[in-house]
Amino acid sequence: MAWISLTLDIPAQWVEPISDWLSAAGALAVTARDAGDQPIFEPDPDQQPLWPQVRVEALLPDDADAAEIARALGDWCRRQGVIALAPELVALPEQDWSSTWRAGLEPRCFNRRLWVIARDVPAPADDAAVLRLDPGLAFGTGNHATTALCLAWLAEADLAGKSVVDYGCGSGILGIAALLLGAAHTVCVDHDPQALIATTDNATFNGIAPSRLTVCAPAALPRVRAGYDVVLANILANPLITLAPRLTSLLRPGGWLVLSGVLEPQWRDVEAAYPAVRFAPPAVRDGWVAAAGRYEDAH
Ligand SMILES: C[S@@+](CC[C@H](N)C(=O)[O-])C[C@H]1O[C@@H](n2cnc3c(N)ncnc32)[C@H](O)[C@@H]1O
């Protein structure tokens with residue numbers, strides 16, 4: 001499918017109202033990023049980007065009247081007093097979005113125990129488990145620092161017979177990796193239906209028995225039992241803070257919580273939202289933080 005991209009540079013406090021405006025005007029996705037190219041996808045209403053000047057990009061369907069939307073947005077900005085140049089429009093050629101990611105996916109090995117490779121490349125000849133991946137439209141190829149940090153943790157953990165929750169599963173990469181590394185059962189959760197489809201598809205492709213995997217939307221989780229050995233959540237700082245009681249309640253006493261998707265300056269606030277978890281010093285890569293800690297029941 002072809003798209004039209006509309007971009008606009010604005011002060012950070014206008015990200016939320018302008019994202020809402022663009023969604024109401026028919027945008028299929030809205031992304032905010034700084035000049036340094038660190039994206040925040042679909043910013044939540046309570047989520048404030050860190051950067052003072054933000055580039056907002058909206059994807060419009062190719063049959064939208066993009067010129068009229070850009071003009072109306074420019075008028076709206078002027079009326080609200082938003083200091084911004086006119087929105088820029090670029091037609092994006094049709095391409096196979098679900099396979100473009102593969103161009104950047106190099107086979108990667110974690111702790112000599114786990115390979116993550118594209119589906120159509122030969123498996124390396126060693127004893128490591130192999131996760132063959134196609135993320136579809138969901139996030140999670142293992143190339144992003146936040147995912148790689150979680151995979152590195154999983155590849156060092158003793159997961160034999162463990163129960164795992166992958167909250168915000170995207171492609172299912174973390175939950176399926178846990179199963180390939182010996183976990184008994186994984187629950188993969190995401191609020192994006194594309195992620196649930198991609199996860200199920202990747203699990204099937206990797207030969208995961210259906211009895212070892214539950215794939216569900218967050219609303220279905222209360223019906224699933226709590227007391228998990230490991231809960232992984234590679235989301236973003238604000239959702240992790242909001243979800244803190246939920247994620248903590250899923251753990252058994254002594255269970256591991258692994259959080260990722262947090263920029264370095266945000267870590268203290270995230271850590272403070274989990275008073276019952278004793279975190280080890282976090283790992284940092286490319287400015288992103290991932291931390292693992294044990295849930296202590298005493299709180
Ligand atoms: C950064 S991606 C991580 C994907 C994958 N787990 C990985 O590590 O690469 C975050 C995922 O969390 C999902 N997500 C964000 N907020 C969520 C929420 N409140 N509840 C459930 N899923 C959420 C998004 O749809 C997205 O698939």
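Student: Which residue follows H5, and is its phi positive or negative?

Tutor: Gly182 comes after H5, and its phi is positive, near 115°. Helices (H or I, at least four residues) and strands (E, at least two) are DSSP runs, numbered from the N terminus. This is a predicted model, in which local features need pLDDT of at least 70 and side-chain atom pairs count only at pLDDT 80 or more, while totals for chains, interfaces and linings use all residues. Residues are numbered from 1 along each chain as its sequence is written, and side-chain values use heavy atoms, leaving out hydrogens and water.

Student: How many residues of H5 are buried?

Tutor: The count is 7 of the 8 residues, so H5 is largely enclosed by the rest of the structure. Buried means under 20% relative accessible area, exposed over 50%, partly exposed in between (1.4 Å probe, protein chains only). In H5 the buried residues are Ile173, Leu174, Gly175, Ile176, Ala177, Ala178 and Leu179.

Student: Which residues touch the most other members of the largest nonpolar core?

Tutor: Nonpolar side chains tend to be buried together in soluble globular proteins. Here the largest core has 32 residues, and Leu114, Val116, Leu131, Leu151, Leu154 and Leu159 touch the most other members. (A nonpolar core is a set of buried Ala, Val, Leu, Ile, Met, Phe, Trp, Tyr and Cys residues joined through side-chain atoms within 4.5 Å.) Elements giving two or more residues to this core include strand S7 (114-118), helix H4 (145-156) and helix H5 (173-180). H5 gives the most, with 6 residues.

Student: What does Val116 contact beyond four places in sequence?

Tutor: With contact meaning heavy atoms within 4.5 Å, the partners of Val116 include Leu131, Leu133, Leu151 and Ile173. There is also a second, separate core of 29 residues, with Cys216, Leu251, Val262 and Tyr274 among them.

Student: At what angle do H1 and H2 pack?

Tutor: Two packed helices are described by the angle between their axes and the distance between the axes. Helix H1 (residues 15-24) and helix H2 (residues 66-80) pack at about 150°, with axes 11 Å apart. Axes are lines fitted to C-alpha atoms, for helices over the stretch in contact, and angles run from 0 to 180 degrees between N-to-C directions. Pro17, Ile18, Trp21 and Leu22 of H1 meet Ile69, Ala72, Leu73, Trp76 and Cys77 of H2.

Student: Where does pLDDT stay under 50?

Tutor: That happens over residues 97-101, for which the model has 11 contacts beyond four places in sequence. pLDDT is the predictor's confidence in each residue, from 0 to 100. Where it is low, the predicted coordinates should not be read in detail. The protein averages a pLDDT of 85, and 84% of the residues score at least 70.
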